[in-house]
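Try each task before you read its solution.

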Amino acid sequence: PMMILFNYTIPDCRKSGWENWYMGTFFASVAWIGILAYLLVWMITIIGYTLGIPDTVMGITFLAAGTSIPDALSSIFVAREGYGDMAVSSSIGSNVFDILIGLPVPWFIKTAIVDPGTTVAINSDGLQYSIIMLFAMVGLVVLSIHFSGWQLNRRLGLICGLLYIVFLTFSLLVEFNVFGDVNPPSCTVSGL
């Protein structure tokens, strides 16, 4: 069903006579990515609320995995072609783009255009712990790559996997209020 929608809404600039529609193809693709991303976040939020899982936990786990799988696959493909530096650069560049463009642009649109003068609330006091842990992980990854002789190998993959498990475990413990009350309920029900 999705392919039928895409075929009718995204011009195929590879076909004869449509070569000059590449900008239309690009913007239609971006529009579909935006629509599907919105639906993904909405569904993840509802599933988390239904199961009693905080929004931040759903974001750190399911949403992060869902949005990172395409990055991981592209890194695998270029690494297999012998471009390990491109694989690492793609992962780092993707995350930097997410942090410096993917977060502030929607905040800017919300606070400057949609509802001027408002702010966007972050519903987790544990965010500072996650940020500190993120910087620590970046440092440890760089050190791990250095001690691996700047070679991507099985041992480095295992080390990075272990670092991810440590980061995820610590983040989940913070978000589930194991270290104190840092994560208030995402939704409150009144009138019961």
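Ser-171 is found in helix H7; helices here are DSSP runs of H or I with at least four residues, strands are runs of E with at least two, and both are numbered from the N terminus. Before we start, note that this is a predicted model, where local features need pLDDT of at least 70, side-chain atom pairs count only at pLDDT 80 or more, and totals for chains, interfaces and linings use all residues. Residues are numbered from 1 along each chain as its sequence is written, and side-chain values use heavy atoms, with hydrogens and water left out.

**Exercise 1.** Work out whether Ser-171 is buried or exposed, and which residues it touches.

Step 1: Look up the cut-offs: buried is under 20% relative accessible area, exposed is over 50%, and partly exposed is in between (1.4 Å probe, protein chains only).
Step 2: Ser-171 has a relative accessible area of 0%, so it's buried.
Step 3: Leaving out residues up to four places away in sequence, Ser-171 touches Ile-60 and Ser-130; contact means heavy atoms within 4.5 Å.

**Exercise 2.** Check the length of helix H3 (residues 55–80), then find its kink.

Step 1: The expected span is 1.5 Å times one less than the number of residues.
Step 2: Now the buried residues of H3: they're Val-57, Met-58, Ile-60, Thr-61 and Ser-75, and they pack against H2, helix H4 (84–102) and helix H7 (154–175).

**Exercise 3.** Describe the aromatic pair of Phe-6 and Trp-32, and say why it ties together separate parts.

Step 1: Rings of Phe, Tyr and Trp (its six-membered ring) pair if their centres lie within 6.5 Å; planes under 30 degrees apart are stacked, over 60 edge-to-face, and the rest tilted.
Step 2: A search of the whole structure turns up 4 aromatic pairs. In one of them, Phe-6 and Trp-32 sit 5.2 Å centre to centre with 75° between the planes, which is edge-to-face.
Step 3: Phe-6 lies in helix H1 (residues 2–9) and Trp-32 in helix H2 (residues 22–51), so the pair ties together parts 26 residues apart in sequence.
Step 4: Trp-32 is buried too, at 16% relative accessible area.

Definitions and conventions
Bend = angle between axes of the 7 residues up to and from the residue.
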